[in-house]
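Please open the model in your viewer and keep the selection panel at hand. The stops below take you from one selection to the next.

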Amino acid sequence: MKKAAAATIGFFDGVHRGHLFLVEQLCREASVRGLRPVVITFDRHPRQVLCDSWQPQLLTTLSEKERLLRQTGIDRLVVLHFDEELSRLSASDFMQHVLKEQLGVQMLLTGYDNHFGHRTKGTDEGFDDYVRYGQTMGIDVVEAQPLMLEGQAVSSSRIRRLLTQGEVEQAARCLGRPYELCGEVVEGEQVGRQIGFPTANLQLQSSCLLMPEDGVYAVRVNLMDDERQRMGVTNIGMRPTFDGHRHTIETHILDFHRSIYRQPMTIRFVARLRSEQHFDSAETLARQMAADVQRAKEILQSQNPSLNS
């Protein structure tokens, strides 16, 4: 017979340092109690079901979230399909029918401010209510400790806020790794090539992924058919110098001259160089791009001297 479970539940967007700290606590508690550590998450953000007009701005795709969670040393990852039926379950019913009966949960580790289950009008259930429900059904509800960084709890919402402000270095400290975007290289208007800085135009694999604030960034680049991690400069924005009408993510890969159309590419944001701006001429932009490339190279090589070597 399988061991009963010690579980934690959440959306886990980004699988950041705060999440990893939570899973460490879970594994520790599970070991002490002789239980199997289980992480429970959802295949889509609950607000996508509860609010049709809500457009998610996610830090990770579902597949990436699953991959990162499976690397944490847990015994099992459960991905629940979040639909209207699940959204209508009260917290008590969710604990009884899903956690207790379906998953065999005996201990639930949850943050004091974490909420789950359908809330009826005028109610505001929280940690103390979950403790009380658990006592009636044999689930020990335990409060998790948050990971604090610079006086604030590390959370997905904090990381989203940092990225929308262009603070990619602070976001990386909270994530435990640089924020990344993945997608396919598609044909652009080849404006960069005309000024001596050809760019790879990235089409994101998911429209739900959050884009950092418009601007120019030093990035690390990974291509599917290239084992080396390369240096790059990425511009996010509208290309105002050329009266752009589309929001684009364009990356100039340093010392790289191959065609990579239709290939997967991942860019990891290391530092923000400047905001996007309008230049009086293509020549002026080219001079600024040369300066951006030099500064990006200095930043990236200071962190990893083996890049592009």
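Helices (H or I, at least four residues) and strands (E, at least two) are taken here as DSSP runs, numbered from the N terminus. The model is a predicted one, in which local features need pLDDT of at least 70 and side-chain atom pairs count only at pLDDT 80 or more, while totals for chains, interfaces and linings use all residues. Residues are numbered from 1 along each chain as its sequence is written, and side-chain values use heavy atoms, with hydrogens and water left out.

Select Glu250 to begin, a residue of strand β12, which covers residues 248–253. Glu250 counts as buried because its relative accessibility is 11%, where buried means under 20% relative accessible area, exposed over 50%, and partly exposed in between (1.4 Å probe, protein chains only). If neighbours within four places in sequence are set aside, Glu250 is in contact (heavy atoms within 4.5 Å) with Thr199, Ala200, Asn201, Val233, Thr234, Asn235 and Arg239.

Next, move to Phe116, in the loop between β4 and α6 (127–137). Is Phe116 buried or exposed? With a relative accessibility of 9%, Phe116 counts as buried. Not counting residues up to four places away in sequence, Phe116 touches Ile9, Ala91, Phe94, Met95, Leu108 and Tyr130.

Now display the largest pocket, which holds about 1400 Å³ of space. Its lining comprises 47 residues, of which Gly10, Phe11, Asp113, Asn114 and His115 are the closest to the centre. A pocket is, on a 1 Å grid over the protein atoms alone, an open set of points where a 1.4 Å probe fits, with protein on both sides within 12 Å along at least five of seven lines, and lining residues have an atom within 4 Å of a point. Grid points are joined across faces, edges and corners, and the volume is the space filled by probe spheres set on the points. Colour by element, and β1 (5–9), α1 (17–33), α2 (46–50), α4 (84–87), β4 (105–110) and α7 (156–164) each supply at least two lining residues, with α1 giving the most, four.

Finally, select the cysteines. The structure holds zero disulfides (pairs of cysteine sulfur atoms within 2.5 Å). For Cys174, the nearest cysteine sulfur is that of Cys182, 20 Å away. Cys174 is buried, at 0% relative accessible area, whereas Cys27 counts as partly exposed, at 23% relative accessibility.
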